[in-house]
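Please keep the structure open while you read. The notes below go point by point.

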Amino acid sequence: MFLTGDIHAKSLGLLAPELVLVAVSLLILVLDLVWKERDSSRLGWISIGGLALTSFLLLLAFGRSGGPEHETAFALVTIDRFGIFFKLFTCAALAVVIFFVMQDRRERKSHIGEYYFLLLGAAIGIFFMVGTNNLLLLVLGLELLSLASYSLAGFHKAERRSAEAAMKYVIFGGLSAGVMVYGISLLYGLTGTLDLRVMAGVAQGEGVTRSLAQAITESPGAVAIAMVMILGGFSYKMSVAPFHFWAPDVYEGAPTPVTTFLAVGSKAAGFGALLRFLAVLFQDGGAAEAVRAYGLQVGSLLALLAAVTMTIGNLAAMRQESVKRMLAYSSVAHAGYLLVGVAAMTSEGFEAAMFYLVAYYLMNLGAFGVLLYFSGETGEETFDSLDGLGYKAPLISVAMVVFLISLTGLPPMIGFLGKWKLIQAAMDPALDGRLLWLVICLVLNSVVSLYYYLRVAKHLFLKQPAERSVRPAPALTGLLVVLAVLNVLLLAYARPLVEWTSASFDLILR
Amino acid sequence: MGLSAYLTVSILLFTLGVICIISRRNVLYVLMGIEMILNASSINFAAFNRFNGGGLEGRMFVIFIIILAAAEAAVALAIVLNVFHLFHSVKPSEADLLRE
């Protein structure tokens, strides 16, 4: 635990991406005070530049970290490809979100630097959350992410809906974080350590520690309680039922760029941390038979949650009159789809979930971007406000149709390949068809989702052309078209992406 | 006093916290309930560390929980204050613009 000087220097070098992010976020805060910005774009581009530099450092680290031994900074932060995958994902998502903030026509431009500062702060939280095997650092990262998200949800202080969203978020968030910390305290009591690798028995801890295998044989009930509590904390971040209640209200009340961040960045962080937790504790890596059997039971619990989550999300999404709320429920449903891969509890399943996250990034960022544009023009978020706008803004509307088809999971979009890989993982012969019912549930739910996704397209193109005119937004249109093209193109050229996700995963245990 | 005495107190505190969150209609009580849950886990960490041996991890976690609780209370109270300005109430049931 106590390290000498040159190890400190080495650790700081390993943490370079995080340090760059901290420096940029502080710079933004100071510049905001000095410049007294009215126009958001200067600070926005600095933030995006900082994210680009961070991504570059992460890519360098990705190339370096292929070996069998992982480097750790300060004995807490593990530098492995799995963590770097999610950090890159966060940077990419955040750059688009910050671009959305700059393009948001409803955004009041005062104190805009704080907006970027909070977003970057949330990213730092995610970095530590997905990059550690230590439960203490995991909780601290999660809380940093949560605290930034609460403030972001209530960023429009004078708007009642925004304030209400922030209050609901902070109540649910505080409760589930408390439950999760209590679960971790039980797990600590059972094993004597906070390090996942020591629990799994692949590393030596300090003091008196016991492996999870011993804990399971001696007191299975207590381990079960601890696991359920910890999974509850993850479920809240991923908006998985029964911890999804906050999602629709918060997503609807928060500013649209923040909603986008919560739906993509925050959810992916929850999945990243959960995947690492499960992979280190329950997967091969020399885990004992008792642990593996226990892992399968956790898998069945997750399969149940997956089925409930996707069904609740889809059924509720059908009844919405607000497009934003519909997308909120749709993101709950997608959390359910993602859990199908996790529930398989195999490397293939985890890789499929990671691949689906990339697909989810492409299609969901696009859908929220289109919503951002139209709600900025009409001032509303209802289905009716879109009537006939497809003819006024054809490029964006066609891109929206691409995103919606991708979200449904139909070819020729990447969403189809994502779902295909999830189904493939759940039908793995090693599972003896135990998850067949879940696959049927997933397919049925996808059919249901077609109804409410295509309703948007119906309002855009099949209603009377609107009287109103819309202002063009060339930069936003450009980005959305690029995302739409990627949705199609990456289906045809998916191989490098698939290889990249599995290269990110397969080294997690060593 | 053995470990079980500490665990009993912690479980009681946890249960009271959850009851407080579920039954009270006032946000301030809900926030207090969250504090109680966090403190229950602090007791757990300190007790396990004392009785099961082990390194510094448990004690470190206690210190960080105190920091967490303070940070969370600061953000939560700021948000609640803003809600009070806009709705003239701190009851979640009276701030219900967002629903089906």
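1. Start at A:L357. Leaving out residues up to four places away in sequence, A:L357 touches A:F89, A:A268, A:F271 and A:L338. Two residues are in contact if their C-beta atoms, placed from the backbone, lie within 7 Å. A:L357 also belongs to the largest nonpolar core, which has 214 residues. Together with A:L119 and A:A343, A:L357 touches the most other members of that core. Helix α15 (residues 347–378) of chain A gives the core its largest share, 21 residues. A nonpolar core is a set of buried Ala, Val, Leu, Ile, Met, Phe, Trp, Tyr and Cys residues joined through C-beta atoms within 7 Å. Buried means that 20 or more other C-beta atoms lie within 10 Å of the residue's own; exposed means 12 or fewer; partly exposed is in between, with C-beta atoms placed from the backbone.

2. Know what you are looking at. This is a predicted model: local features need pLDDT of at least 70, side-chain atom pairs count only at pLDDT 80 or more, and totals for chains, interfaces and linings use all residues. Residues are numbered from 1 along each chain as its sequence is written, while chains are lettered from A and ligands numbered from 1 in the order in which they are written.

3. Check the confidence. pLDDT is the predictor's confidence in each residue, from 0 to 100. Chain A averages 88, with 95% of the residues at 70 or above. Chain B has a mean of 89, and 98% of its residues reach 70 or more. The model scores ipTM 0.95 and pTM 0.93.

4. Now the overall build of chain A. Its secondary structure comes to 20 helices and 2 strands. Helices (H or I, at least four residues) and strands (E, at least two) are DSSP runs, numbered from the N terminus. The radius of gyration of chain A is 22 Å, close to the 24 Å that the globule rule gives for 510 residues, so chain A is as compact as a globular protein of that length. That radius is taken over C-alpha atoms, and the rule is 2.2 Å times the number of residues to the power 0.38. Buried residues make up 58% of the chain. Among contacts in chain A between residues at least 6 apart in sequence, 78% join residues at least 24 apart.

5. Where do the chains meet? In chain A, 39 residues are in contact with 38 residues of chain B. Helices α6, α7 (160–191) and α11 (246–253) of chain A each supply at least two residues of this side. α7(A) gives the most, with 20 residues. The side of chain A that touches chain B divides into 19 nonpolar, 11 polar and 9 charged residues. Here Ala, Val, Leu, Ile, Met, Phe, Trp, Tyr, Cys and Pro count as nonpolar, Asp, Glu, Lys and Arg as charged, and the others, Gly among them, as polar.

6. Look again at α11(A). 8 of its 8 residues are buried, so α11(A) is largely enclosed by the rest of the structure. Its buried residues, including A:W246 and A:Y251, pack against α6, α7, α12 (256–282) and α14 of chain A.

7. Trace α18 (residues 436–461) of chain A. This helix has 26 residues and reaches 38 Å from its first C-alpha to its last, close to the 38 Å expected at 1.5 Å a residue. Among its buried residues are A:L438, A:Y452 and A:L460. The buried residues of α18(A) pack against α13 (289–318), α14 (323–343), α16 (394–408) and α17 (414–426) of chain A.

8. The peptide bond from A:A241 to A:P242 is cis, with omega near 0°. A:P242 sits in the loop between α10 (220–238) and α11 of chain A. The bond from A:P411 to A:P412 is cis too, with omega near 5°. A:P412 lies in the loop between α16 and α17 of chain A.

9. Is A:M345 buried or exposed? With 24 C-beta neighbours inside 10 Å, A:M345 counts as buried. A:M345 has a positive phi of about 55° although it is not a glycine. B:H88 also has a positive phi of about 55° without being a glycine. B:H88, however, is exposed, with 9 other C-beta atoms within 10 Å.

Technical notes. The expected span of a helix is 1.5 Å times one less than its number of residues.
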